Amino acid sequence: MKIDTKYLGIDIPDSILDFKNIPTATKYITGTYVYFSIILYISIHVMYDGEPGGNVFNPMVQLIPSQVLKYPYAIVTSNLIDTKLWKFIVTLINLLIGGTFIENNWNSAAEMFKFVLVVGSITNFINLVATNFFSLILPNISLDTPLDGNYSIIIGFAIIYKQLLPETTIIDFKYPFEKNFRFKLLPIFITCFMTITQLFWFHHFADLLSIWISFMCCWVYLRFFQQLPMNNGDEEGYVKGDASDTFELIYFFPDVIKPFLRPVFNWIYDLVVIRLDIITPFDMEEIDKGNDIAIKRGAKKITSSTEDRRRQLALQVLQERMSFP
């Protein structure tokens with residue numbers, strides 16, 4: 001779809017808008033999402049005579065911290081429901097269009113199920129633990145209010161768009177200034193926009209936590225753990241994670257704050273990957289393969305990061321050789 005005017009141009013790849021044949025996982029996830037959301041709406045607004053914005057909830061499907069021990073499966077079902085009309089519409093469109101594009105690109109229904117349900121549930125569990133912890137410190141956090149459980153679809157899909165279409169322009173502003181908005185900016189834009197709405201409008205601290213926890217959990221999974229079949233479904237080979245330089249966490253953020261974030265991210269990486277050995281670091285072959293895949297997707301090559309890493313590796317090998325008599 002292409003729209004070109006005097007003031008701006010909008011160019012969305014046709015591959016994203018091609019959702020005539022919805023793939024298997026996206027079809028079932030979308031259908032379940034619509035079904036659960038409608039049933040939840042009916043149960044709250046009809047059966048329980050609840051009013052929009054009221055305090056009537058359904059702990060059987062909504063993730064309510066004080067009720068989760070009684071209904072633990074709500075950690076999973078809360079990924080597939082919404083009560084806010086705007087969020088329902090946004091998520092539904094995102095599932096139909098984005099879900100179709102992503103699943104077709106991944107060529108794996110199992111991976112789509114895993115991302116939405118497993119990664120989403122892990123995000124919900126971490127958010128649940130964090131909410132309970134902060135409720136001990138901040139008395140205004142209520143454990144009887146549902147946690148919004150499917151930010152992983154909105155935020156997680158945006159991260160995938162950046163991964164698959166990094167340099168593709170969505171909106172090209174022409175007048176009064178020339179500036180383009182690309183898919184690589186979408187994750188941080190959506191995350192910051194939703195953060196601002198929580199800070200100045202909704203004032204829901206648990207949802208604020210969920211936004212950033214969802215961002216980090218989805219990125220960590222896509223960066224280090226996801227396994228996708230190679231060669232259009234050849235199950236003999238898989239690509240694990242995304243080792244490309246452009247998918248480093250620092251490149252999700254604006255250039256103006258990168259100097260402040262880089263030492264923090266380096267310290268976290270050193271702690272989690274090097275010292276605690278929680279995540280296995282990528283070797284040079286994996287990084288080169290990841291960069292090749294990213295370049296094929298249209299990403300710009302980051303030479304400085306790769307050269308620095310090669311220099312550090314060469315220095316390490318030299319030191320190891322010199323240590324032998």
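A residue counts as buried under 20% relative accessible area, as exposed over 50% and as partly exposed in between, with a 1.4 Å probe and protein chains only as cover. At 52% relative accessibility, Y35 therefore falls in the exposed class. The model is a predicted one, so to speak of local features takes pLDDT of at least 70, side-chain atom pairs count only at pLDDT 80 or more, and totals for chains, interfaces and linings use all residues. Numbering runs from 1 along each chain as its sequence is written, and side-chain values use heavy atoms, with hydrogens and water left out.

Now for the overall picture. The chain has 11 helices and 6 strands, taken as DSSP runs (helices H or I, at least four residues; strands E, at least two) and numbered from the N terminus. Of its 325 residues, 43% are buried.

On to the inside. A nonpolar core here is a set of buried Ala, Val, Leu, Ile, Met, Phe, Trp, Tyr and Cys residues joined through side-chain atoms within 4.5 Å. The largest one holds 51 residues, with F115, F157 and I159 making the most contacts inside it. Helices supplying at least two residues each include α2 (24-47), α5 (109-135) and α6 (151-164), and α6 gives the largest share, 10 residues. Leaving aside neighbours within four places in sequence, I159 touches P187, F215, C218, W219, L222, F247 and F252, contact meaning heavy atoms within 4.5 Å. Another core, of 7 residues, lies apart from the largest one, and L63, I75, L128 and A206 are among its members.
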